[in-house]
Amino acid sequence: MEAPDDKRRALALVAKRVAACRDCDLCKGRTNAVPGEGNADAEIMFIGEGPGFYEDQQGRPFVGASGKFLDDLVGSIGYDRRKVFIANVVKCRPPQNRDPQPDEIEACGKYLQEQIEIIDPKVIVTLGRHSMQRYFPGEAISRVHGQPRRKDDRIVVPMYHPAAALHQGSLRKVIEADFAKLPDFLSRALGGGVTKTAPDAPIPAHLRADTPQPQPVEAAAGPTKLESQQMRLL
């Protein structure tokens with residue numbers, strides 16, 4: 001197991017490369033790259049969509065209005081930014097906070113993958129539609145939010161982006177309820193068990209380590225207006 005100091009140094013090297021990256025056109029409009037921040041030895045890692053205005057100005061993820069809500073959500077399960085790691089699928093702000101494009105996500109993918117390998121979190125929480133697609137291709141977030149699936153040796157939980165609650169207030173309680181499940185998922189991940197919905201319940205097929213995962217849907221339904229909005233940081 002890599003020592004925390006070694007992990008911090010490795011993450012700092014990734015951040016340095018991100019700051020100098022010119023692999024896609026997003027670099028042309030950035031004030032600051034936003035590699036991510038948090039605990040190099042985090043048990044939980046949150047992956048959002050992309051930096052917004054305030055993130056671009058400060059070089060830090062989730063510092064706007066949706067970031068404040070994320071802080072509250074993380075605090076509700078007994079954690080804070082010092083204990084988790086927060087990143088995005090793209091490291092520079094898309095113009096006018098538009099959706100990140102596939103080539104931009106691909107260009108940043110190597111940095112995110114390195115961060116995941118360095119930190120080695122037990123639970124990954126995807127926030128929003130584009131980060132969800134990394135692990136749940138072809139799925140709709142309205143169908144799978146809050147439902148954990150085992151991916152290799154960790155548990156991945158898709159959730160709505162915190163900004164979704166700012167666009168549609170009724171989703172606030174949905175997001176809060178999904179977050180409330182995280183301590184149980186983490187407890188079971190740390191214990192080496194498979195997450196179940198209730199004690200002695202049969203293991204759902206999608207959580208069995210030996211169950212083939214669904215392949216991408218070739219013609220998935222397009223995103224709803226809400227799903228298109230939810231990843232835009234304020």
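My entries below go from the whole chain to single side chains.

**Ground rules.** I am working with a predicted model, where local features need pLDDT of at least 70, side-chain atom pairs count only at pLDDT 80 or more, and totals for chains, interfaces and linings use all residues. Residues are numbered from 1 along each chain as its sequence is written, and side-chain values use heavy atoms, with hydrogens and water left out.

**Overview.** I looked up the secondary structure and found ten helices and six strands in the protein chain; helices (H or I, at least four residues) and strands (E, at least two) are DSSP runs, numbered from the N terminus. Of the 234 residues, 50% are buried. Here buried means under 20% relative accessible area, exposed over 50% and partly exposed in between, with a 1.4 Å probe and protein chains only. I then checked contacts (heavy atoms within 4.5 Å). Among those between residues at least 6 apart in sequence, 75% join residues at least 24 apart.

**Lys91.** What does a buried lysine have around it, if it has no salt bridge? I found Lys91 in the loop between strand 3 (85-88) and helix 4 (102-119). The nearest side chain of opposite charge is Glu114, 10 Å away; Lys and Arg count as positive, Asp and Glu as negative, while His and the chain ends are not counted. The Lys91 side chain does make a polar contact with the side chain of Gln115, at 2.7 Å. A polar contact is a pair of N or O atoms within 3.5 Å; within protein, one must be able to donate a hydrogen and the other to accept it, and residues adjacent in sequence count only if both atoms are side-chain atoms. Beyond four places in sequence, the contacts of Lys91 include Val18, Pro35, Tyr111 and Cys108.

**Cys108.** This residue is in helix 4 and is buried, at 6% relative accessible area.

**Aromatic pairs.** I counted two, taking rings of Phe, Tyr and Trp (its six-membered ring) with centres within 6.5 Å; planes under 30 degrees apart count as stacked, over 60 as edge-to-face and the rest as tilted. Phe46 and Phe179 are stacked, at 5.7 Å centre to centre and 5 degrees between the planes. Phe46 lies in strand 2 and Phe179 in helix 8, so the pair ties together parts 133 residues apart in sequence. Phe53 and Tyr54 are edge-to-face, at 5.1 Å and 80 degrees. Phe53 is partly exposed at 39%, and Tyr54 is partly exposed at 41%.

**Salt bridges.** My search of the whole structure gave 20, each a side-chain nitrogen of Lys or Arg within 4 Å of a carboxyl oxygen of Asp or Glu. Lys7 and Asp41 meet at 2.7 Å, N to O. This pair links distant parts of the chain, with Lys7 in helix 1 and Asp41 in the loop between strand 1 (37-38) and strand 2, 34 residues apart. Lys7 is buried at 5%, whereas Asp41 is partly exposed at 32%. Arg8 and Asp5 also form a salt bridge, with the closest N and O atoms 2.0 Å apart; they are three residues apart in helix 1, about one helical turn.
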